[in-house]
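I opened this one up to see how the chain is put together. My notes are below, in the order I looked things up.

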Amino acid sequence: MSFNELEDLFRLPVNPETLEIKESGDSKSYTIVDLGEINAIAYPKLTEITIESIFPAQHYPFVLVRSEGPNRLLRPFEYVEMIQKWMKSRRPIRFVLSGVNLKGEQDDSAIPNDLALNMAMSIEGFTWKLSAGTSGDVEYSLSLKKYVFYQASPVKIVKGQVKAESKRASDKAAPKTYTMKAGDSLWSIAKKVLGDGQKYKVIQKLNGIKDSELKKLPIGKVLKLP
């Protein structure tokens, strides 16, 4: 699992016994006179995934990550704190499930490598508790729901037809500041980071910039962004 385009990431140290993936429809039933009940098929609901496993307090033989290195085993509360931090950010995470082992890890040919999932997801629920009779293992249940990126898209009228401009979806959070470079103006910055140059006044007001200062903004000035 990762956050903000790999700013944070970790591999589940212990695979869950089962991985529950829920795919359901949103059909509705109606009763028609002289016909009876009918079913109106709708779009499927968002995929839901439930993971139940442990964050181990020590490197048991069944732990999948190393005790040292970039993908090392973390302390149980480090995993808990990372997930809590992701939830508070109100941003989606990236969930990747693959049968392919990480570089340098032992390959287990008995496990088929034909399953792969890679999707943005929201954390809908996270419960955890200390396991009784252990040396500090944390049992947890994590509920995820597929996240679909959405935003208002600018449109253009081309030969009488409306065409929407689409942008590539991204897990990465929008920057909160911008450092001015040579040739920048508030209008060009608003166009670049907000998608509309006319919104330069929002940046101007947020940073308390007077109209008389608009053409005198220095290179390297750090601007707060909405």
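**Ground rules.** I am working from a predicted model, where local features need pLDDT of at least 70, side-chain atom pairs count only at pLDDT 80 or more, and totals for chains, interfaces and linings use all residues. Residues are numbered from 1 along each chain as its sequence is written, and side-chain values use heavy atoms, with hydrogens and water left out.

**Confidence.** I checked pLDDT, the predictor's confidence in each residue, from 0 to 100. The chain has a mean of 84, and 86% of its residues reach 70 or more. For elements I used DSSP runs, numbered from the N terminus: helices are H or I with at least four residues, strands are E with at least two. Contact here means heavy atoms within 4.5 Å.

**The sheet.** I counted two strands as paired if DSSP finds at least two bridges between them. Seven strands make an open sheet with antiparallel pairing, in the order S2-S1-S7-S8-S9-S6-S3. Strand S2 (8–9) and strand S3 (19–22) are the edges, each pairing on one side only.

I then went through some of the pairings:
- S1 (residues 2–3) and S2 run antiparallel and are joined by two bridges; Phe3 stands opposite Asp8 in S2.
- S8 and S9 are antiparallel, with nine bridges; Ser122 has Lys145 in S9 as its bridge partner.
- S6 and S9 are antiparallel too, with eight bridges; Ile54 stands opposite Glu139 in S9.

**A residue in S9.** Is Ser141 buried or exposed? I use buried for under 20% relative accessible area, exposed for over 50%, and partly exposed for in between (1.4 Å probe, protein chains only). Ser141 sits in strand S9 and counts as buried because its relative accessibility is 16%. Leaving aside neighbours within four places in sequence, Ser141 is in contact with Thr50, Ile51, Glu52, Gly125, Phe126 and Thr127.

**A hairpin.** Strand S4 (residues 28–32) and strand S5 (residues 36–40) pair in the antiparallel sense, over five bridges. Tyr30 stands opposite Ile38 in S5. Three residues lie between the two strands, and Asp34 in this hairpin takes a positive phi near 65°.

**Helix on the sheet.** H1 lies across S1, S2, S6, S7, S8 and S9, and runs at about 115° to S8. For that angle, axes are lines fitted to C-alpha atoms, for helices over the stretch in contact, and angles run from 0 to 180 degrees between N-to-C directions.

**Cores.** A nonpolar core is a set of buried Ala, Val, Leu, Ile, Met, Phe, Trp, Tyr and Cys residues joined through side-chain atoms within 4.5 Å. The largest one has 30 residues, and Met1, Phe10, Phe55, Leu142 and Leu144 have the most contacts inside it. Elements giving two or more residues to this core are strand S6 (48–55), helix H1 (76–89), strand S7 (93–98), strand S8 (116–130) and S9. I looked up Phe10: leaving aside its neighbours within four places in sequence, it is in contact with Met1, Phe55, Tyr79, Met82, Ile83 and Trp86. Another core, of 10 residues, lies apart from the largest one and includes Met180, Leu186, Ile189 and Ile203.

**Salt bridges.** My rule was a side-chain nitrogen of Lys or Arg within 4 Å of a carboxyl oxygen of Asp or Glu. How many salt bridges does that give? The count comes to four, and I wrote down these pairs.

Lys85 and Asp8 form one, with the closest N and O atoms 2.7 Å apart. This pair links distant parts of the chain, Lys85 in helix H1 and Asp8 in strand S2, 77 residues apart. Lys85 is partly exposed at 40% relative accessibility, whereas Asp8 is buried at 14%.

Arg75 and Glu78 meet in another (3.7 Å, N to O). Arg75 is exposed, at 55% relative accessible area, and Glu78 is partly exposed, at 23%.

Lys129 and Glu139 also meet in a salt bridge (3.8 Å, N to O). Lys129 is in strand S8 and Glu139 in strand S9, so this pair ties together parts 10 residues apart in sequence. Lys129 counts as exposed at 52% relative accessibility, and Glu139 as partly exposed at 32%.
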